[in-house]
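Me: I am new to this structure. Please show it to me, and then I will ask about it piece by piece.

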Amino acid sequence: MSSSYSYEDCMATADWLMAQTDIRPTVGIVCGSGLGGLADTLKDQVAFNYKDIPNFPQSTVHGHAGRLVFGTLKGRPCVCMQGRFHLYEGYPVQKVALPMRIFKLLGVETVILTNAAGALNEDFKVGDIMIIKDHINMPGFAGNNPLVGPNEERFGVRFPCMSDAYDRELQQLAMDVGQDLGYGEFLREGVYCVVAGPSFETIAESRMLHRLGADAVGMSTAFEVIVARHCGMRVFAFSLITNQVVMDYDSEEKANHEEVLEAGKQREQQVEQLICTMVTRIEHN
Ligand code: R1P
């Protein structure tokens, strides 16, 4: 990661947080656009505005409250990002993913990431929850990988493996929990593609991404996953399908952020229930 966020900087942020709360989270959660409600369900909350946390970026996007919330979910100590950072906000990719290193230093072992995404797969519907089994980092092909720069060995190796980025046991757990909760009808799995944004994809771009093997497209998550895996945390992620990506020149549909937030609101309860139940069943060392 870029030398401007050294191991010592990350340590200073983690130490600052640990001095303010006794909660020692083993699960870290990132709430996507319109999915921040989960953080409000944490018990025994201790919350910090991002602007008060040393070295932390600020949330600038509607639907991302900009609070780091510590608390418990069914007795399990958790930390929850109510709002994340995106490339299009002007942050370098290293800063977008910086909170994953803070999670690691706080003692987090498992990260659960959520996002709002557009469906490229024609079989998906708005309101589907897509368990992410893999990703395509489009900005990464042009050098936007959060591990670019001198490697910090105290976090991980120079060339981390990504073929096992998304923990298969956790994917199975999500499927099992989803079935138990009666969510089978809207639970899917697929490949998430990250683009830089903020403009939504053109029709030609969407068609290309679909042909490349992506089932859903968004502007986040993959950078955080790379950094979380680099420092050895287990990763589970899902996309809430908030819109069908326009793939047809005859379509009158136009992508917009309001429909994204609205779709989040409609599925809020099921998303919270899925994560909450998963958290109670995650095994840690
Ligand atoms: C577009 O509506 C925004 O929603 C998604 C996209 O990535 C983009 O930022 O946000 P999250 O990925 O943070 O859920």
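Me: How do the residues of the shell around the ligand divide into nonpolar, polar and charged?
Reply: First, a caution: this is a predicted model. The shell around the ligand holds 14 residues. They divide into five nonpolar, eight polar and one charged.

Me: How far is the polar side-chain atom of Ser 220 from an oxygen atom of the ligand?
Reply: Ser 220 is among the residues that come nearest to the ligand, along with Ser 33, His 86, Tyr 88 and His 257. For Ser 33, a side-chain N or O atom is 2.7 Å from a ligand oxygen. For His 257, the corresponding value is 2.6 Å. For Ser 220, the distance is 2.5 Å.

Me: What share of the ligand's accessible area does the protein cover?
Reply: Side chains of Ser 33, Ser 220 and His 257 all place polar atoms by ligand oxygens. On its own, the ligand has 350 Å² of accessible area. The protein covers 96%.

Me: Is Thr 221 buried or exposed?
Reply: Thr 221 lies in the loop between β8 (216–218) and α7. Its phi is positive, about 70 degrees, though it is not a glycine. Most residues other than glycine have a negative phi. The relative accessible area of Thr 221 is 0%, and the cut-off is under 20%, so Thr 221 is buried.

Me: Which class does Asn 55 fall into by relative accessibility?
Reply: Asn 55 also has a positive phi of about 70 degrees. Its place is the loop between β2 (43–49) and β3 (67–73). Its relative accessibility is 34%, which is between 20% and 50%, so Asn 55 counts as partly exposed.

Me: How many residues of helix α7 are buried?
Reply: Helix α7 spans residues 222–230 and is mostly covered. Among its buried residues are Phe 223, Glu 224 and His 230.

Me: Which backbone nitrogen lies 2.9 Å from a polar side-chain atom of Asn 137?
Reply: Asn 137 is found in strand β6 (residues 129–137). Asn 137 is buried, at 9% relative accessible area. The backbone nitrogen 2.9 Å from its side chain belongs to Gly 140.

Me: What is the form of the peptide bond from Gly 197 to Pro 198?
Reply: Pro 198 is in the loop between β7 (187–194) and α6 (203–211). Most peptide bonds are trans. Here omega is near 0 degrees, and the bond is cis.

How values were computed
Residues are numbered from 1 along each chain as its sequence is written. This is a predicted model: local features need pLDDT of at least 70, side-chain atom pairs count only at pLDDT 80 or more; totals for chains, interfaces and linings use all residues. Side-chain values use heavy atoms; hydrogens and water are left out. A residue is near a molecule or strand if one of its heavy atoms lies within 4 Å of it. A polar contact is a pair of N or O atoms within 3.5 Å; within protein, one must be able to donate a hydrogen and the other to accept it, and residues adjacent in sequence count only if both atoms are side-chain atoms. Accessible areas come from the Shrake-Rupley method with a 1.4 Å probe; for residues, only the protein chains shown count as cover. Ala, Val, Leu, Ile, Met, Phe, Trp, Tyr, Cys and Pro count as nonpolar, Asp, Glu, Lys and Arg as charged, and the others, Gly among them, as polar. Helices (H or I, at least four residues) and strands (E, at least two) are DSSP runs, numbered from the N terminus. Buried means under 20% relative accessible area, exposed over 50%, partly exposed in between (1.4 Å probe, protein chains only).
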